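Please keep the structure in view while reading.

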Amino acid sequence: MSAGYRNAAAAAAVLLALCAVPFLAGKFTTYLAIRIMLLGIFAVGYNLLLGQTGLLSFGHGAFYAAGAYGLGLFGVHVSNNPLLGVAAGVAAAVLLALLVGYLCVRHTEIYFAMLTLAFGMMVFSLVWNAREITGGDDGLIGIVRAPVSIFGMARMPIGKDSQFYFFVLFFFALSVWAAHRIRHSPFGLALSGIRENARRSEFAGVPVRRYRLAVFVVSGAFAGLAGSLEALLESNARPFMAHWTHSAEPVLVSLLGGLSSLAGPLVGSAIFVAMREIIQRFTENWMLGFGIVLLVIIMGFRGGVTGTLSALFRKAPARERG
Amino acid sequence: MQSLVHVCLAGLSNGMFIWLVASGLTLIFGVLGVLNFAHGSFYMLGAYCCFTVLSHLGAGYWAGLLLGPLAVCAAGYVVERFFLRHVYRIALPYQLLLTFAFVLIFDNLVKIVWGGGALSPPQLTFLGGSIPILGRKYPVYNLFIIAMGPAVALGLHLLLERTWYGKIIRAASSDREMSSAIGVRVPTLFTGVFVFGTWLGALGGGLAVPYVGLLTPGMGETIIIEAFIVAVIGGLGSLKGAFVGALVIGVMSAFGTRFFPTFDMFLIFILMAGVLLVRPQGLFGATR
């Protein structure tokens, strides 16, 4: 029980520190923090699928794009209320995830990875080609950050990045809390069971395929949320969001931070965004640098940052005693 | 009718490239059990190395086609011998991500060495003309490509089914432990197969140099997706499936480009979804 309190206290401290960022840091740092939270939402949802259930998807960029284009099209054609827009984006992502997931969860392992990859690229080529609706390779432009209002009351402007930051922080906190609850729910435990031994779970009465579909859709919803928020941040939606190299980002981030904890993908997101910025400042070749880091992690530190750190801390007292 | 024939010819030559890439991919998957994301990068490296031999060393196209892919084999050797070999036993995501790391590295290396812009190779003199087919000019080189595909397929078939090496490769792919127990040096064999698969992909890249006209650092990323789709439709690990799948995809995308230009890729994905719903193991895959 005390560990639970300690985690809650740590989470509260982090939340407080995050609240202080726009007041203490400059514009660029605030922007970076927003990007980290967006990737964090994307990755923390994604890791429910990869870390918790053991399914490797290479197509979640499609749901990210569905969120972005859902919000964008809703904003351009219906209403520019950001809350309704985010809801529309998430709804679009969920619908797409249901459709794609239904076809993909029949398979596991390599087949699953390839299928999700292929369907992700299908969305990419659709968005790329349907120029009349999506703006094609120029992206969907004209997305505005209108003030947040609930039933016309309590208008809160989010036009500046320092204001929008809190809008993102709200959804970020909500996402992390939701992911935490899912991980520790009976549903989440059943997912771990499926990861460890799908057949045994099936014998124990878990409807494996339906659970896989459910977590696929849930992680798609997180991706859609992140995508719709990015559309608001950048005021556009781009086909690249659905590209498979973008789908690989949450995989890399989860791996970088560690698959087996809630904090893993979040730590990974922070490192990923920071590293990209730092490497890009010195050289254009950030892909090379990241590829090498990835190689090192896979060859030597498969627990990621959090896994390696916690292993270190667990080992240290044992050595003292010995 | 005439235009239909031309669309079919364009589809066949497209399909042959996909087949050359998919054959290496399928061979590596069938034997090593690893799905190699970096295979598209080998295709790209093959094209760039061939280009360099052609334009800088002043050699002819045949020399480029011979030397370029051989140079890429060195990259394939390094990837398997020093990295992939150590991850056969660990979870699948790590294997896939290891090959993905090489996609990042190779794409970036190509940008460093050859620059980020598109390169256009010199005009071919040999096989460079065109002959009239049903009233329209058709490049001889495309016919050469259409012939190369089945030639490679036949070669692979003979290698795997009729030679001593083929027998060993088949044995090792069906039971690693047993083959190792009867004295097959499985790790060496795996390295050999991986390098051979690399060569096939790079050969596809080398052949693509006069065909695609422009070389760009992203050219591997597109073809690897098509090769994956082909592998899924044909049945993962089945060379016969990859051949048929590549033909189907090539011809279908040519028809798509001709008649539904907005949704050309979309048709292929619909086909893939359809195959998966009806025959999840692919056209020639074994039932699991």
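Is Ser235(A) buried, exposed or partly exposed, given its C-beta neighbours inside 10 Å? In this model, which is a predicted one, Ser235(A) counts as partly exposed because it has 15 C-beta neighbours inside 10 Å. The residue sits in the loop of chain A between helix 10 (208–234) and strand 4 (236–237), and its phi is positive, at about 60°, although Ser235(A) is not a glycine.

**The contact between the chains**

Chain A and chain B each bring 34 residues to the contact. On the side of chain A that touches chain B, at least two residues come from each of helix 5 (109–129), helix 11 (244–257) and helix 13 (286–300) of chain A. The most is given by helix 5 of chain A, which supplies 14 residues to that side. Sorted by class, the side of chain A that touches chain B holds 26 nonpolar, five polar and three charged residues.

Ala118(A) can be followed across to the other chain: once its neighbours within four places in sequence are left aside, Ala118(A) is in contact with Ile225(B), Phe228(B), Ile229(B), Val232(B), Phe269(B) and Met272(B). The largest nonpolar core has 188 residues, and of these Ala65(A) and Ala118(A) touch the most other members. Helix 5 of chain A again gives the most, here with 15 residues in this core.

**Helix packing**

Two packed helices are described by the angle between their axes and the distance between the axes.

| Helix pair | Angle between axes | Distance between axes |
|---|---|---|
| Helix 3 (residues 61–77) and helix 5 of chain A | about 35° | 8 Å |
| Helix 2 (residues 39–55) and helix 8 (residues 186–212) of chain B | roughly 50° | within 7 Å |
| Helix 2 and helix 3 (residues 61–83) of chain B | about 135° | 7 Å |

In chain A, helix 3 and helix 5 pack at an angle of about 35°. From helix 3 of chain A the contact draws on Gly61(A), Ala62(A), Ala65(A) and Tyr69(A), and from helix 5 of chain A on Phe119(A), Gly120(A), Val123(A) and Val127(A). The residues of this contact of helix 3 of chain A with helix 5 of chain A comprise six nonpolar, two polar and no charged.

In chain B, the axes of helix 2 and helix 8 cross at roughly 50°, which makes helix 2 of chain B oblique to helix 8 of chain B. The crossing of these two helices of chain B is right-handed. Among the residues that make the contact are Phe42(B), Met44(B) and Phe51(B) of helix 2 of chain B, together with Gly204(B), Gly205(B) and Gly206(B) of helix 8 of chain B. Divided by class, the contact of helix 2 of chain B with helix 8 of chain B has 11 nonpolar, seven polar and no charged residues.

Helix 2 of chain B also packs against helix 3 of chain B, at an angle of about 135°, and that angle makes helix 2 of chain B oblique to helix 3 of chain B. Helix 2 of chain B passes helix 3 of chain B in a crossing that is right-handed. The residues that meet include Cys49(B), Cys50(B) and Val53(B) in helix 2 of chain B and Gly64(B), Gly68(B) and Pro69(B) in helix 3 of chain B. This contact of helix 2 of chain B with helix 3 of chain B contains 14 nonpolar, four polar and no charged residues.

**Buried positions in chain A**

Gly40(A) belongs to helix 2 (residues 27–52) of chain A and counts as buried because it has 28 C-beta neighbours inside 10 Å. Not counting residues up to four places away in sequence, Gly40(A) touches Phe172(A), Pro265(A), Leu266(A) and Ser269(A).

Val176(A) has its place in helix 7 (residues 161–184) of chain A and is buried, with 22 other C-beta atoms within 10 Å. Val176(A) and Leu262(A) are 86 residues apart along the chain, while their C-alpha atoms are separated by 8.0 Å.

Gly135(A), by its location, is a loop residue between helix 6 (131–134) and strand 1 (140–141) of chain A, and it counts as buried with 20 C-beta neighbours inside 10 Å. Leaving aside neighbours within four places in sequence, Gly135(A) is in contact with Leu140(A) and Ile141(A). Gly135(A) and Arg238(A) lie 103 residues apart in sequence and 8.7 Å apart in space, C-alpha to C-alpha.

Conventions
Residues are numbered from 1 along each chain as its sequence is written. Chains are lettered from A and ligands numbered from 1 in the order in which they are written. This is a predicted model: local features need pLDDT of at least 70, side-chain atom pairs count only at pLDDT 80 or more; totals for chains, interfaces and linings use all residues. Two residues are in contact if their C-beta atoms, placed from the backbone, lie within 7 Å. Helices (H or I, at least four residues) and strands (E, at least two) are DSSP runs, numbered from the N terminus. Ala, Val, Leu, Ile, Met, Phe, Trp, Tyr, Cys and Pro count as nonpolar, Asp, Glu, Lys and Arg as charged, and the others, Gly among them, as polar. Axes are lines fitted to C-alpha atoms, for helices over the stretch in contact, and angles run from 0 to 180 degrees between N-to-C directions. A nonpolar core is a set of buried Ala, Val, Leu, Ile, Met, Phe, Trp, Tyr and Cys residues joined through C-beta atoms within 7 Å. A residue is buried if 20 or more other C-beta atoms lie within 10 Å of its own, exposed if 12 or fewer, and partly exposed in between; C-beta atoms are placed from the backbone. Angles under 35 degrees count as roughly parallel, over 145 as roughly antiparallel, 65 to 115 as roughly perpendicular and the rest as oblique. A crossing is left-handed if the near helix is turned anticlockwise from the far one by less than a right angle, and right-handed if clockwise.
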